[in-house]
Amino acid sequence: MNSSINSKTPRSSFSGFLRKIHRQRYLLLMSVPFLIWVLLFNYLPLLGWSIAFKDFRLKGPVIESFINSQWVGLKHFEDLFADLGTQGRFYYALRNTLGMSLMLMVFGFVMPIIFALMLNEIRAARFKRVTQTISYLPHFISWVVAAGMISAMLSTEGPINDILFSLGLIEKRIPFLANGKLFWGIMTGSEIWKELGWNAIIFLAAIAGVDPGLYESAGIDGASRMKQIWHITLPCIMPVITVILIMNVGWLISIGFEKQMLLGSDITRDYSEVLDVYAIKYGIGQSRYSFGTAIGIFKSLVSIILVLAANTFAKKAGETSII
Amino acid sequence: MIFLFGRKSKGDIIMDVVIYTVMILILLCTLFPFLNVLAVAFNESSDSIKGGVGILPREFTLDNFKELARFPDLLTGARISLLRTLIGTTASLLSTCILAYVLSRKDFMFQRFFTVIFLFTMYIDSGIIPHFMVIRTFGLNRNFMVYIIPGLISAYNLILVRSFIDQLPYSLQESAFLDGANDLVMFFKIVMPLCLPVIATVGLFYAVGQWNSWFDTHLYASTSKEITTLQYELMKVLQQSNAQSGGGIDQAARALQTKSVSPLSIRMAITVVTVMPIVAVYPFVQKYFVSGLTLGAVKS
């Protein structure tokens, strides 16, 4: 795009290369430390995947333990899938991860779009701004705080029980968080409560980019506001919707584990344990590091397959793709 | 239904009513938990137990907060949280900006290669255990630096800053070069001052991330009392209420029960302390992040 700052032509010879290094020494100085950092903290752990194929036991320093441990091939993966077949913990972890992800994908994806469309219809600028500002607020609090608030809201003496009780909708107060069957719904609701406004930002930005001339001419042709939303706004922001959808599919299996870990308990564990919690509990908690790593690898592979599949599907459907 | 009415205005009115109702409901749902926590934290503990506290305290008191003095871990936690927020945000912000500047320089010899390496980190997830092993190998567990170094640069923030630098007029840099400025001077004197809007955005993201983080403490420093964070201490206190049936986590659970102030009030008071810094700065910074964020997001 821009012509290079130093207009000397790069030479292919070695001395030319050295000269270039010398000329860009500050740029190198400013970036190579971070390159080392990224290799150590982001790429080195990938080598750690190999411990899934070993019987890794942590005795003393990590590297020494690594060298001393035996290669065992696919043993840990076999254990993992054996656990799946017998409806062991892995079966529940996988089911809960996929179940909660799917619920979140449907509701957590559609709600911000609807919220953005509605917000866009508000003409009172001040009300619109205040609504938007408040809607981001929960995004900035930690899951620890959010979990504290949610469990206070949902406790048997909490406001939600109060409201339901005084409206006469329930006869006995419900211990929401002690009922496993309600757990997926509570997680989905919590996530929407926390991220609705934040996730709508991207759609609001896309809506703001729609050519106003389209609305004007539609208005002249007598299209109602509903029709304008349906036939102008939605088609115009479709590329953004598709990209976000594809990205969400890729994250389908990595929904995060903080809220499940913080709000789940032994009573609800058949519904609250997700893959990451499973890996932490059995991998780190019980020092079965190789087994825990195998779970991580499984998760990454599924996630890559899902992204590629969603991307191919979107391409076929004639929409934008991200890869 | 709306379409059946030929006249537009009628449909408009119905739509407005629906939209405003929904919006007000969303606002109520969003704010209620915050206000309720605040109300309970400032309410007389013996009265809170009866339930039914709404968004205002019934019997105002500061006793719940005075009671927090009995938890020395909280003070340490607050200090460490503050330290990691200050140091971590500064380090991350500086690193991100420097790197983003280098990656924005199209004439830099490794520009493409480095960019790919950093951006790829958004898509790879090595999993918790390999990461845990790397942290241990470098002796970062039970070390304050575990809060700063492993999460130094987020690829997402890197893109935000880079796309901001990309849209600055390049002629500024060219003329400074002609005046004999080197790359370091260029970055600190010319580019960085122009980046203030995006620095505010990204700085906010890093600061919030640092302040809110609890899992790294849980994983790497849970046994080192001198470097646990406020969020982690709050997490321990909150978990006790969830674990009541399954036996408490540690003695703090029993300590919570003994005094005149109920665990519920203590929990809410700690929550208020934890969330206060965020709610306090939020109104002042929120106007920056939307502009900074949408710039990077829509551009691509």
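How many Å separate the centres of domain 1 of chain A and domain 2 of chain A, taken over C-alpha atoms? The separation is 35 Å. Keep in mind as you look around that this is a predicted model.

## The domains of chain A

Let's start with where those two domains lie. In chain A, domain 1 covers 14-71 and domain 2 covers 75-316. Where they touch, eight residues come from domain 1 of chain A and seven residues from domain 2 of chain A. On the domain 1 side of this contact you will find five nonpolar, one polar and two charged residues.

## Chain B and its domains

Now turn to chain B. Of the 300 residues in chain B, 38% count as buried. Take the contacts in chain B between residues at least 6 apart in sequence: 70% of them join residues at least 24 apart.

Chain B is also assigned two domains, domain 1 (2-61) and domain 2 (65-299). Their contact draws seven residues from domain 1 of chain B and nine residues from domain 2 of chain B. On the domain 1 side, the elements that give two or more residues are α1 (8-41) and α2 (45-48) of chain B, and α1(B) gives the most, with four residues. That side of domain 1 has five nonpolar, two polar and no charged residues.

## Where the chains meet

The contact between the chains involves 74 residues from chain A and 79 residues from chain B. On the chain A side, helix α2 (residues 25-47) gives the most, with 13 residues. Sorted by class, the chain A side holds 43 nonpolar, 22 polar and nine charged residues.

From α14(A), the residues A:Asp276, A:Ala279, A:Ile280, A:Gly283 and A:Ile284 meet B:Ile128, B:Ile129 and B:Phe132 in α6(B). Six of the residues in this helix contact are nonpolar, one is polar and one is charged.

## The nonpolar cores

In soluble globular proteins, nonpolar side chains tend to be buried together. Here, the largest nonpolar core has 119 residues, and A:Val144 and B:Val161 are those with the most contacts inside it. Leaving aside residues up to four places away in sequence, A:Val144 touches A:Leu262 along with B:Trp214, B:Gln231, B:Leu234, B:Met235 and B:Leu238. Another core, of 13 residues, lies apart from the largest one; A:Phe115, A:Leu196, A:Leu204 and A:Ile237 are among its members.

## A closer look at B:Ile87

Our last stop is a single residue. Which helix of chain B holds B:Ile87? B:Ile87 sits in helix α4 (residues 72-104) of chain B. This residue counts as partly exposed because 15 other C-beta atoms lie within 10 Å, whereas a buried residue would have 20 or more and an exposed one 12 or fewer. Although B:Ile87 and B:Ala207 are 120 residues apart along the chain, 9.5 Å separates their C-alpha atoms.

Definitions and conventions
Residues are numbered from 1 along each chain as its sequence is written. Chains are lettered from A and ligands numbered from 1 in the order in which they are written. This is a predicted model: local features need pLDDT of at least 70, side-chain atom pairs count only at pLDDT 80 or more; totals for chains, interfaces and linings use all residues. Two residues are in contact if their C-beta atoms, placed from the backbone, lie within 7 Å. Ala, Val, Leu, Ile, Met, Phe, Trp, Tyr, Cys and Pro count as nonpolar, Asp, Glu, Lys and Arg as charged, and the others, Gly among them, as polar. A nonpolar core is a set of buried Ala, Val, Leu, Ile, Met, Phe, Trp, Tyr and Cys residues joined through C-beta atoms within 7 Å. Domain bounds come from an automatic or database domain assignment.
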